Amino acid sequence: MTLSLGCIADDYTGASDLANTLAKEGLRTIQTIGIPTDHLALPEVDAIVVSLKIRSIAASEAVERARASDRWLRERGADHVMYKICSTFDSTDKGNIGPVLDSLRADAGETTVLVTPAFPQTGRTVYQGNLFVGAAPLNESPLKDHPLNPMHDANLVRVLARQSAASVGLVDLSIVARGAEAIVERLAQLASDGNGAAITDAVFESDLEAIGAAALRQRLSIGASGLGLGLARGLIAAGTVRRHERTAVYGKPVAGPAAILAGSCSQATLKQIAKAEQTMPVLRLDPEKLMNGREEAQLALDWAAERMARTPVIIASSSNPDDVSRLQTRYGRDAVGQVIEQSLAAIAEGLVERGVRRLIVAGGETSGAVVDRLAIPAFRLGQEIVAGVPVLHSIGGRHGDMVLALKSGNFGGESFFADALAIMA
Ligand SMILES: Nc1ncnc2c1ncn2[C@@H]1O[C@H](COP(=O)(O)OP(=O)(O)OP(=O)(O)O)[C@@H](O)[C@H]1O
Ligand SMILES: O=C(O)[C@@H](O)C(=O)CO
């Protein structure tokens, strides 16, 4: 297999979001969980998205895993590797976007790496280096209350400079609007001024096409699904890849009970749970009890087992920002995140052992914990449910054929869960 595009995603929902975009744009794409073993038979594809769970771990470990994935992708022919980050630039002053950028840049021998989290389809735009979530600057959006990485600064030039050893410059919209050549010239200028990274403005898809064409002149780029769209269109326009209809890679429908697990505390997910509660049973876990032992998870499984032959069920740990912060003050942010993720993963395993084959998970970290526990090695891309969330068909794994949807916390409208279940039927 010779890859036209290699991608490394810093979480699993982000990976399926990017894989969805690439597949939609006509690239034959699969999503792998980590670096696949040599035993896994992979179909012939144009792009592979290696999913890592490195957004919120120690920077040194994130760097090591990203570098190993980068080497694996380049050994399979990928000249260009995209590092997929969150469209809301989820990170802290310790990383991990900056440290991963620094190391992948050095490995690729690049000077100035283009960085843009813009994804206009979901309302993420970048102007003068400032990230907007819909009409709100990042620091006024719900991301200010994120349980693991609250975002308090919308200016990404500043945010990235705090995390990276490199100086950070800006390719502003007036340059992007002039097209790929102007972007390439600006990157060269930023490189000669000693910048190692360039936050790049983008508001419309046409901006992303110019950005994609410019980025393909280099060996590495960093961004969210909008950048993926630009790269995919650039590869097709250059004749490097032939456009494939997405239906060619759809998987088979899978029977069996369906369940939804939510660990995201985002406003979008809270609204989706409230809406679903009108039509299906919802079990709201007591996070305090989860912190104090295993019984809550076992009770959840018993609760689900009584219902799931008749109806899909939802099990959620999600709470509002005040409750999240109370719990974190008591037990510590990392400990809370870990324990709740692992509890939801254990519940997922129990549900699958009891026959669940269609599973929706809300939240990137939560999805990572669940998919790791289920030991699914890779996914084929199915139909798009909403922007950024595809149906995923398992490849390999000990539970046979499964369909999943890994929903980024902030993605989807209020009826997301019912919509997803209808498509996954
Ligand atoms: N009630 C709760 N109180 C505190 N933390 C919680 C609670 N419920 C879940 N968590 C933790 O909050 C974190 C949510 O992160 P996760 O990545 O799953 O969702 P998200 O950030 O909304 O999604 P995404 O990364 O896709 O945008 C997880 O570590 C989870 O364990
Ligand atoms: O880019 C996004 O917003 C998502 O794909 C994501 O990474 C959320 O975890």
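**Entry 1. Ligand 2**

I started with the shell around ligand 2, where helix 1 (residues 12-24) gives the most, with 3 residues. Here helices are DSSP runs of H or I with at least four residues, strands are E runs of at least two, and both are numbered from the N terminus. I noted that this is a predicted model, in which local features need pLDDT of at least 70, side-chain atom pairs count only at pLDDT 80 or more, and totals for chains, interfaces and linings use all residues. Residues are numbered from 1 along each chain as its sequence is written, while chains are lettered from A and ligands numbered from 1 in the order in which they are written.

I then looked up which of the 13 residues around ligand 2 come nearest. They are Gly14, Asp17, Ser87, Gly364 and Ser408. A residue is near a molecule if its C-beta atom, placed from the backbone, lies within 6 Å of it. By type, this shell divides into 3 nonpolar, 8 polar and 2 charged residues. Ala, Val, Leu, Ile, Met, Phe, Trp, Tyr, Cys and Pro count as nonpolar, Asp, Glu, Lys and Arg as charged, and the others, Gly among them, as polar.

Where does ligand 2 lie relative to domain 1 and domain 2? Both domain 1 (5-247) and domain 2 (251-423) give residues to its shell, so ligand 2 lies between them. The domain bounds come from an automatic or database domain assignment.

**Entry 2. Ligand 1**

I moved to ligand 1, which has 26 residues around it. Ser264, Gly337, Gly363, Gly364 and Gly409 come nearest. Helix 12 (321-331), helix 13 (333-353) and helix 14 (364-374) each supply at least two residues of this shell. Helix 13 has the largest share, 4 residues. Domain 1 and domain 2 each give at least three residues to the shell around ligand 1.

**Entry 3. Where the domains touch**

I checked the two domains against each other. Their centres, taken over C-alpha atoms, are separated by 26 Å. In domain 1, 29 residues are in contact with 30 residues of domain 2. Contact means C-beta atoms, placed from the backbone, within 7 Å. On the domain 1 side, helix 1 and strand 2 (29-33) are the elements that give two or more residues. Helix 1 has the largest share of that side, 9 residues. That side divides into 11 nonpolar, 12 polar and 6 charged residues.

**Entry 4. Helix 14**

I returned to helix 14, and found 9 of its 11 residues buried. Buried means that 20 or more other C-beta atoms lie within 10 Å of the residue's own, exposed means 12 or fewer, and partly exposed is in between; C-beta atoms are placed from the backbone. Gly364, Glu365 and Thr366 are among the buried ones. What do the buried residues of helix 14 pack against? I listed helix 1, strand 2, strand 12 (258-262), helix 13, strand 15 (358-362) and strand 18 (403-407). Alanine 375 follows helix 14 and has a positive phi, near 55°.

**Entry 5. The core**

I looked up the largest nonpolar core and found 134 residues. Such a core is a set of buried Ala, Val, Leu, Ile, Met, Phe, Trp, Tyr and Cys residues joined through C-beta atoms within 7 Å. Cys7, Ile211, Leu261, Ala348 and Ala405 have the most contacts inside this core. Helix 13 gives the most to this core, with 8 residues. The core draws at least three residues from each of domain 1 and domain 2. Leaving aside neighbours within four places in sequence, I found leucine 261 in contact with residues including Ile315, Leu344 and Val370.

**Entry 6. Strands**

I traced strand 4 (residues 81-84). Val81 and Tyr83 on one side and Met82 and Lys84 on the other are all buried. Strand 4 pairs with strand 1 (residues 5-9) in the parallel sense over 4 bridges. Strands pair if DSSP finds at least two bridges between them. Strand 4 is also joined to strand 11 (residues 220-223) by 4 bridges, again running parallel. Tyrosine 83 is the bridge partner of isoleucine 8 and of isoleucine 222.

Last, I checked an open sheet of 3 strands, order 6-7-8, with antiparallel pairing. Strand 6 (124-127) and strand 8 (136-137) are its edges, each pairing on one side only. Strand 6 and strand 7 are joined by 4 bridges. In their hairpin, with 2 residues between the strands, glutamine 128 takes a positive phi near 50°.

Conventions: Contact = placed C-beta atoms within 7 Å.
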